[in-house]
Amino acid sequence: MKKKVLALLLVCAMALALVACGGNNNTQQPSNSGGSDAQQPAADGGGNGEGEAKSVKVGLICIGDENDQGYTYNFIRGKEAATEALAANGINVEWVVKWNIGEDSGCEDANIELAEEGCDLIINNSFGFEPFMLKVAPDYPEIEFIACTNQASWGDGLENTHNAFANIYEGRYLAGVVAGMKLQQMIDDGEITADQAIIGYVGAFSFAEVISGFTAYYLGARSVCPSVTMKVQFVGSWSDATEEANAASALADMGCVMISQHSDNTTPATTAQSKGVFHTGYNNDMIGVAPEASLIGTRIDWAPYFEYAIGSVANGGSFDQDWCHGMDMGAVVMTPLNEDIAAPGTAEKLAEVEDQLRSGKLQVFDTSTFTIGGEALSSAFALDTDGDFTPDSEEAVFDGAFHESHFQSAPYFALRIDGIEWINEAF
């Protein structure tokens, strides 16, 4: 999760100048985190050929619990899969989980408690946890600390802190393709006119992680439905089921016939169904709660990273201080396609586009596919809070595309492109 726009830009300006994703310490500048050159993973037990089991104690601090069916549930799914894979390779993991921790001093307490309980590695699963984690990490240099979806650890001067994220914009682009195919089918069948192909997007906050995601989604939809437009309504919270439902309802009332989301609950899906419109989800398969509306979803699979990081600690090795991968490492996956309501040919198109993403033939933020104020993007810019363009310290636009998460794992695409209307302003 990301801070507000101004704070993000200040951090990004430093980030892009200092780091390339995939580094093993905070002084290196290695290549793109999303590339195949990062040292990986997995949990092969590393030199465990004699069959002697190894054990590692891991703390996990969660903003929610396993019952949210969204963000935290997705982490638990990754935890369980990684535990099974590690065990098969001779590494036994003892987990200590802290549930429903706020982005406040309670997070600092949770990190201290896990450190005092003897954890070898402590994982913080929410963006707002990082400042509190960084207060604790210097006092426990022998323990590795991870801030998921975060950005400060590569430049904090500490060797025992780490960031991890995934190229979720790849999955959002694919979900957009599914949405766009459905919208084009509705146009072709005469159910809506071309100018009624409007997507409503429930966004948590108006900063780069969310902007990057909904822009990728929109570009995916427009690649197969050229007339599509989008309206975004922010709710100012990662997890507020009522406000997410209210936003989805308002967007449907504005004429949106497709709803998507970057928020943690299933209420946008159930609201879409109640309004008779379609939906694509995040973090979880939402077909079960909205079978007549939900087409597909995308999520980060944390298992590959957990296997890699925990396996490294168990074997006494080091691991990347800033890690980011996507479909290349199985870190971004799609939930099942609802073929009962998807447009004909969607599964085939999805496979085709996914292959193009994996091969690098297709770039999500291809600068020939969007404009800003009617102008093509020729250089990397970020919006400040006054709406002015400010050049980034590293040039993210090259080879005809904006290269998201190339210089650091945390997203930094914060551009407002044409075709997307913000219903409310920054949170």
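**Aromatic rings and the charges over them**

In this predicted model, the charged end of Arg-172 sits over the ring of Tyr-282, 4.0 Å from its centre; such a contact is counted if NZ of Lys or CZ of Arg is within 6 Å of the ring centre and within 35 degrees of the ring normal. Residues are numbered from 1 along each chain as its sequence is written, and side-chain values use heavy atoms, with hydrogens and water left out. Local features need pLDDT of at least 70 and side-chain atom pairs count only at pLDDT 80 or more, while totals for chains, interfaces and linings use all residues.

**Aromatic pairs**
- The structure holds 22 aromatic pairs, where rings of Phe, Tyr and Trp (its six-membered ring) pair if their centres lie within 6.5 Å, with planes under 30 degrees apart counted as stacked, over 60 as edge-to-face and the rest as tilted.
- One of them joins Phe-214 and Trp-422 edge-to-face, at 6.3 Å centre to centre with 85° between the planes.
- This pair links distant parts of the chain, 208 residues apart, with Phe-214 in helix H6 (residues 208-222) and Trp-422 in strand E17 (residues 420-422); helices (H or I, at least four residues) and strands (E, at least two) are DSSP runs, numbered from the N terminus.
- Phe-214 and Trp-422 are both buried, meaning under 20% relative accessible area with a 1.4 Å probe and protein chains only.

- Phe-402 and Phe-413, both buried, form an edge-to-face pair at 4.9 Å centre to centre, with 75° between the planes.
- Phe-402 and Phe-413 belong to one aromatic cluster that also holds Tyr-169, Phe-365, Phe-370 and Tyr-412.
- Arg-416 lies over the face of Trp-422, 3.8 Å from the ring centre.

Methods: Buried < 20%, exposed > 50% of the residue type's maximum accessible area, 1.4 Å probe, protein only.
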